[in-house]
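Here are a few exercises to work through with the model on screen. Try each task yourself before reading on.

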Amino acid sequence: MATIRDVAKEAGVSVATVSRVINKKGYVNEETRDRVHRAIKEIGYKPNVIARSLSIRKSNTIALVVPAINNPFFPELARAVEDVAQSKGYKVFLCNTDDRRDRLVGYLESLRENFVEGIIIDSQNVTDNDLENIQRDSIPAIMIDRTLSNQSFSSISVNNHFGGQLATDHLLQVGCQRIGHLRGPDEVVTANHRFWGYRDKVKEFDWFDQSWIALGDFSVKSGYQGMKELFQRHPDIDGVFAANDLMAIGALKAAYEWGCAVPDDLAIIGFDGIDISGLTVPRISTIQQPIYRMGELAMQELLQEMQNPKTEAKHFELEVKLVVRESTMR
Ligand code: RIB
């Protein structure tokens, strides 16, 4: 394999000159630069990206850390991050933690070793200590979706609490009188805020107690199992708010097996607005998050902080929107 020395020899210049041309650093006259480029082409030299990152401490890469790559919400977010990153010449490392602390720690370590220039983090497992380490290495980081209370890092989220209220209000408006909730993981901030929104709206009803809530983990399976539990506990249930669309899809399957017609016997609403929630039969009503905009904004903010490390941390809370489809059209 051709080395930087071979290029230098071929072009008749020093290794330092070749390095200045490759790294676009320092003065090299035009004629020499062209000669180096011709030599690179002729002998098929490929700069060692890792060695180059080591020497200039830049990699033209950023990272997106997500908790569950098999949930379409996160690829939809990644799509937006990548679109903006690519348009500015950055590559994206996608790190899936499966909601595990050990994986997150491993990723953060190797991202620092690989000189990523910025990190967008969607994780409930990150600690203040992790963030301090990132800060010590001067790597800008943005929190997205599952944001922490640490105010020194910019964050992008939606009003999950209001979204929970909006979903429950909608079920009440279409005539539901016994509304259950398929709750997301209780260690996840977004799930908790949605649950609180639901609880605000039902807590005054005399039928309401904790038995109307089934705990899940944002997966289709947990929505399915949770819905079955709710049917067993409360055969008179006529509406359900699922903490995300995947759980709503699970509820739809459980309703079908229980012999319960959606929406006439049971109205179902989810949260997220992922594409597949509009492809089920019946299509699922949802509280839509501006997923693409969230990813786009996160990447734009990150770029700003990468260009100007003194940029003040900003906190964005984007709007959610009620999308009414057949699963609640009574
Ligand atoms: O569907 C996955 C959920 O986890 C989304 O609702 C997102 O907001 C997140 O926290």
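**Exercise 1.** In which loop does Ser123 lie? Then work out whether Ser123 is buried or exposed.

*Solution.* Keep in mind that this is a predicted model. Start with the place: Ser123 sits in the loop that runs between strand E3 (119-121) and helix H7 (128-136). Next, check the surface: the relative accessible area of Ser123 is 0%. Buried means under 20%, so Ser123 counts as buried. Now look at what surrounds it. A polar atom of the Ser123 side chain lies 2.9 Å from the backbone nitrogen of Asn125. Setting aside neighbours within four places in sequence, Ser123 is in contact with Leu104, Arg146 and Leu148.

**Exercise 2.** Find the buried residues of helix H2 (residues 15-22), and say how they are arranged around the helix axis.

*Solution.* Picking them out gives Thr17, Val18, Val21 and Ile22. Look down the axis of H2: its buried residues fall within an arc of 135°, so they line one face of the helix.

**Exercise 3.** How do the axes of helix H6 (residues 101-113) and H7 cross, and which residues meet?

*Solution.* The two axes come within 11 Å and cross at roughly 5°. Angles under 35 degrees count as roughly parallel, so that is how H6 runs relative to H7. From H6, Arg101, Leu104, Leu108 and Arg112 meet Asp130, Asn133 and Ile134 of H7. Sorted by class, this contact has 3 nonpolar, 1 polar and 3 charged residues.

Terms used: Residues numbered from 1 in each chain as written. Predicted model: local features only at pLDDT ≥ 70, side-chain atom pairs only at ≥ 80, totals over all residues. Heavy atoms only, no water. Helix = DSSP H or I, 4+ residues; strand = E, 2+ residues; numbered from the N terminus. Buried < 20%, exposed > 50% of the residue type's maximum accessible area, 1.4 Å probe, protein only. Polar contact = N/O pair within 3.5 Å; in protein donor to acceptor, adjacent residues only side chain to side chain. Contact = heavy atoms within 4.5 Å. Arc of directions from axis to C-beta. Axes fitted to C-alpha atoms, helices over the stretch in contact; angles between N-to-C directions. Parallel < 35°, antiparallel > 145°, perpendicular 65-115°, else oblique. Nonpolar A, V, L, I, M, F, W, Y, C, P; charged D, E, K, R; others polar.
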